[in-house]
Amino acid sequence: MIVQFYNVSKTYPNGVKALNDVSFKLDQGEFVFLMGPSGAGKSTVIKLMLREEIPTRGQIFIESRSVVRMQKKEIPFFRRSMGVVFQDFKLLENKTVSENIAFAMRVVGAGNQEIRQRVPQVIKMVGLDGKNDRFPSQLSGGEQQRVGIARAIVNRPLILIADEPTGNLDIDTSMGIMELLYDINRAGTTVIMATHARELVKDSYKRVITLDQGRIISDNEAAIGDAI
Ligand SMILES: Nc1ncnc2c1ncn2[C@@H]1O[C@H](COP(=O)(O)OP(=O)(O)O)[C@@H](O)[C@H]1O
Ligand SMILES: [Mg+2]
């Protein structure tokens with residue numbers, strides 16, 4: 001088990017109950033959708049995984065480590081096991097594609113040699129060959145999200161977390177992004193993707209954990225198994 005949520009509830013300081021007794025487990029190598037309407041609690045699940053928030057109740061383990069009990073000084077290193085992709089890309093506008101990705105490596109202390117070798121590899125992997133020196137403003141939305149994904153996987157995280165990664169993209173572009181996420185998953189990375197977009201989820205043959213008003217209302221784990 002790479003992710004374990006046990007009876008997790010989260011009430012924000014303003015009294016909003018975002019999660020109510022949420023339990024689920026993810027195996028290494030799984031692809032799972034976290035589905036539900038806006039306000040269902042999807043981003044809260046993600047923030048709890050990253051330890052950006054702490055649950056009001058319950059326990060969370062990532063790679064068998066208690067995320068709740070973890071000390072502050074352990075958090076930066078812990079977060080390196082996860083790559084995160086955002087709806088609004090969050091690219092550095094004054095840096096090129098290569099520089100955006102290289103920056104993520106520098107932050108974790110990678111050397112120049114390693115960066116020179118790895119960055120073009122990842123650019124190729126996400127289908128942006130030849131666009132190394134473009135700035136984000138010179139890319140389409142879908143291409144910008146590919147940079148976001150490249151940056152998220154460049155340090156080889158165990159888990160790729162994507163929070164509404166297609167939220168700003170049209171359906172065709174979204175499909176392309178999904179194929180890329182499936183490829184990354186096939187190569188061994190556990191992927192968890194939050195989305196409210198039913199059309200991306202249906203017919204995907206993937207595990208879907210559905211949240212509504214902070215509760216899990218369905219999880220087709222058993223039905224899907226290792227079918228795909
Ligand atoms: N930092 C916060 N403070 C207070 N309430 C919040 C905060 N973040 C989220 N919420 C509330 O918690 C609920 C779940 O939000 P969220 O996890 O962002 O849902 P989703 O990502 O599914 O749209 C919503 O009612 C939202 O308004
Ligand atoms: Mg959200």
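Which residue just after α1 takes a positive phi? I looked this up first in the model, which is a predicted one. Arg 51 does, with a phi of about 60 degrees.

**Entry: helix α1**

I then went back along α1, residues 42-49. I checked burial and found Lys 42, Thr 44, Val 45, Ile 46, Leu 48 and Met 49 buried. That makes six of the eight residues of α1, so the helix is largely enclosed by the rest of the structure.

**Entry: ligand 1**

I listed the surroundings of ligand 1 next. The shell includes Tyr 12, Asn 14, Val 16 and Ala 18. It also includes Gly 36 and the run Ser 38, Gly 39, Ala 40, Gly 41, Lys 42, Ser 43 and Thr 44. Helix α1 gives the largest share of this shell, three residues. Lys 42 and Thr 44 of the shell are also among the buried residues of α1. By class I noted seven polar, four nonpolar and one charged residues around ligand 1.

**Entry: α3 against α4**

How far apart are the axes of α3 and α4? I read 10 Å, with the two helices packing at an angle of about 125 degrees. Helix α3 covers residues 97-107 and helix α4 covers residues 112-125.

From α3 they are Val 97, Ser 98, Ile 101, Ala 102 and Met 105. From α4 they are Ile 115, Arg 118, Val 119, Val 122 and Ile 123. The residues of this contact divide into eight nonpolar, one polar and one charged.

Key
Residues are numbered from 1 along each chain as its sequence is written. Chains are lettered from A and ligands numbered from 1 in the order in which they are written. This is a predicted model: local features need pLDDT of at least 70, side-chain atom pairs count only at pLDDT 80 or more; totals for chains, interfaces and linings use all residues. Axes are lines fitted to C-alpha atoms, for helices over the stretch in contact, and angles run from 0 to 180 degrees between N-to-C directions. Helices (H or I, at least four residues) and strands (E, at least two) are DSSP runs, numbered from the N terminus. Two residues are in contact if their C-beta atoms, placed from the backbone, lie within 7 Å. Ala, Val, Leu, Ile, Met, Phe, Trp, Tyr, Cys and Pro count as nonpolar, Asp, Glu, Lys and Arg as charged, and the others, Gly among them, as polar. A residue is near a molecule or strand if its C-beta atom, placed from the backbone, lies within 6 Å of it. A residue is buried if 20 or more other C-beta atoms lie within 10 Å of its own, exposed if 12 or fewer, and partly exposed in between; C-beta atoms are placed from the backbone.
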